[in-house]
Amino acid sequence: MPIPNYNHLQTPLRQTQPSSSSSTSRLLLLLTFLPLTLAALAFVLQWRGGLTDPATRWSPPGSYQFPGMEASPLSPISRHSTPSASDCLNLGRSVTPSFPYYQDWKFDRGSNLKPKICITTSTSAGLEQILPWMFYHKVIGVSLFFLFVEGKAASPDVTRVLQSIPGVKLIFRTRELEEQQAKSRIWNETWLSGFFYKPCNYELFVKQSLNMEMAITMARDAGVDWIIHLDTDELVHPVGAQEYSLRQLLHDVPGNVDMVIFPNYESSVERDDIKEPFTEVSMFKKNFDHLPKDTYFGMYKESTRGNPNYFLTYGNGKSAARIQDHLRPNGAHRWHNYMKTPNEIKLEEAAVLHYTYAKFSDLTSRRDRCGCKPTKDDVKRCFMLEFDRTAFIVASTATQEEIVDWYREHVVWGDKDVKIKLLKKGILTRINAPKVIIQGLRESGVFESVIASASETRSKEKFLSSISISSSNSSKAVASQSLPSRSNKYQATARKALGIEPDEWHQPAVPPQSPPGIDVETLNLVGGLKIGCGGDRE
């Protein structure tokens with residue numbers, strides 16, 4: 001049988017193979033280079049600044065980028081900087097948290113962001129303390145500030161600067177304000193009455209509560225969602241959220257929560273010559289609420305170093321309240337509601353950083369602000385916490401050399417071995433984010449720009465030299481040594497007329513309280529733990 005000839009079929013087959021192979025190669029080439037091309041395009045756009053980040057959209061050209069921002073994948077890359085070898089090293093190894101920030105000191109976009117947060121404070125500090133404090137909180141998401149000012153904070157040159165900053169409202173302690181507050185609701189209620197007619201810290205506590213009551217009304221009128229009372233030596237440390245942002249932290253709070261408690265950490269200074277605590281202090285002692293109880297009580301003696309309590313001053317934190325009907329202050333540390341018991345949560349990571357006695361001058365300044373006698377009995381009338389009482393007596397009676405020695409022994413952490421031990425145990429911790437932010441603001445010229453913009457009629461040098469003018473030159477501030485003087489008889493009559501009597505909703509205001517303590521004598525004698533509340537309540 002003859003063999004069939006298939007040559008006529010093979011020729012077309014050989015002709016189609018090159019065509020099919022060529023198409024497949026082109027497809028593979030396209031699939032390979034398309035993603036590479038897109039990636040290259042994205043890189044070029046980012047490198048040239050073609051991708052605009054919302055946090056920098058309103059920033060002027062050449063604006064400063066905060067140190068450490070390059071470590072975050074959420075932060076924009078500066079379009080005017082060339083990365084160095086050290087920048088690359090920081091990018092790979094830094095664990096600095098990311099935070100939203102603005103390079104324009106006016107922070108024009110803040111009022112449109114939600115939730116809207118305000119901070120209220122009562123202060124007599126100068127610009128050197130208020131400006132870093134204020135702009136740090138602007139960076140982490142605070143929109144409005146209600147500042148009740150007196151003393152140096154109410155002097156003309158300081159107030160001129162503060163009033164030029166968007167989102168800042170100043171309230172001066174005038175005679176008219178005191179008369180208005182004398183007619184307020186909480187002035188005639190029993191829960192605050194235990195703090196009336198006492199000087200120094202008690203007087204400040206009453207002023208703060210009355211100012212917080214006014215701030216609630218102002219916050220409601222401004223459409224605020226959350227209000228926080230802070231002193232100007234305190235910074236919110238909003239860790240625990242997706243980014244280093246107080247706004248993000250409060251945004252994530254469930255809607256049924258009325259109050260958020262921030263446990264406080266206390267500054268632990270390592271030198272006696274601190275000038276700018278916000279940028280020179282990075283070591284803090286953790287709050288009892290953020291430590292295992294066995295660690296807290298097991299290391300209690302080493303932590304106190306012979307001081308009356310675990311913290312030098314208060315240990316019951318500060319709080320943020322959701323603006324709602326019937327909200328009222330409950331002292332400087334808490335909020336309350338006339339119609340219900342607030343639903344509160346305590347944050348497990350975020351904290352308030354309290355820079356207390358961080359400067360040696362804090363000893364003498366407290367002494368000079370208070371007219372109490374330096375005796376054990378009289379200081380109880382002036383101060384709520386034991387360390388404040390002791391510090392006042394030392395500052396009032398000891399020589400300068402003795403005061404320095406006492407400060408080094410009781411405030412400064414000079415024992416390196418104990419410090420290392422407590423750092424390993426987690427009682428002491430290093431926190432650098434506030435330092436980085438405030439140093440970045442300073443180096444970018446934000447504070448100088450604010451001061452310069454408020455000084456249109458005089459030279460910058462003359463204006464800076466006049467900041468220290470005494471508050472007695474202020475035509476707005478009225479020196480006030482006490483709240484409106486009203487007799488106890490008048491108080492009782494007013495309360496009776498208003499039908500205000502003690503009840504379950506009018507429990508006493510929450511004062512500054514020390515953390516839980518240990519009876520050290522009992523611990524030494526029987527080796528057991530005797531836990532007390534540690535708070536000095538009057």
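Which residues do ring pairs link into a cluster? Ring pairs join Phe288, Tyr296, Phe297, Tyr300, Tyr310 and Phe311. The structure is a predicted model, in which local features need pLDDT of at least 70, side-chain atom pairs count only at pLDDT 80 or more, and totals for chains, interfaces and linings use all residues. Residues are numbered from 1 along each chain as its sequence is written, and side-chain values use heavy atoms, with hydrogens and water left out.

**View 1. Aromatic pair of tryptophan 133 and phenylalanine 145.** A search of the whole structure finds 19 aromatic pairs (rings of Phe, Tyr and Trp, the last by its six-membered ring, with centres within 6.5 Å; planes under 30 degrees apart count as stacked, over 60 as edge-to-face and the rest as tilted). One of them, between tryptophan 133 and phenylalanine 145, is edge-to-face, at 5.8 Å centre to centre and 65° between the planes. Because tryptophan 133 lies in helix α3 (residues 127-139) and phenylalanine 145 in strand β2 (residues 144-149), the pair ties together parts 12 residues apart in sequence (helices are DSSP runs of H or I, at least four residues, and strands runs of E, at least two, numbered from the N terminus). Tryptophan 133 is buried at 0% relative accessibility, and phenylalanine 145 is buried with a relative accessible area of 0% (buried means under 20% relative accessible area, exposed over 50%, partly exposed in between; 1.4 Å probe, protein chains only).

**View 2. Tyrosine 296 and tyrosine 300.** The ring centres lie 5.8 Å apart with the planes at 65°, so this pair is edge-to-face. Both tyrosine 296 and tyrosine 300 are buried.

**View 3. Arginine over aromatic rings.** Arginine 185 sits over the face of tyrosine 338, 3.5 Å from the ring centre (NZ of Lys or CZ of Arg within 6 Å of the ring centre and within 35 degrees of the ring normal). Arginine 328 lies over the face of tryptophan 191, at 4.2 Å from the ring centre.
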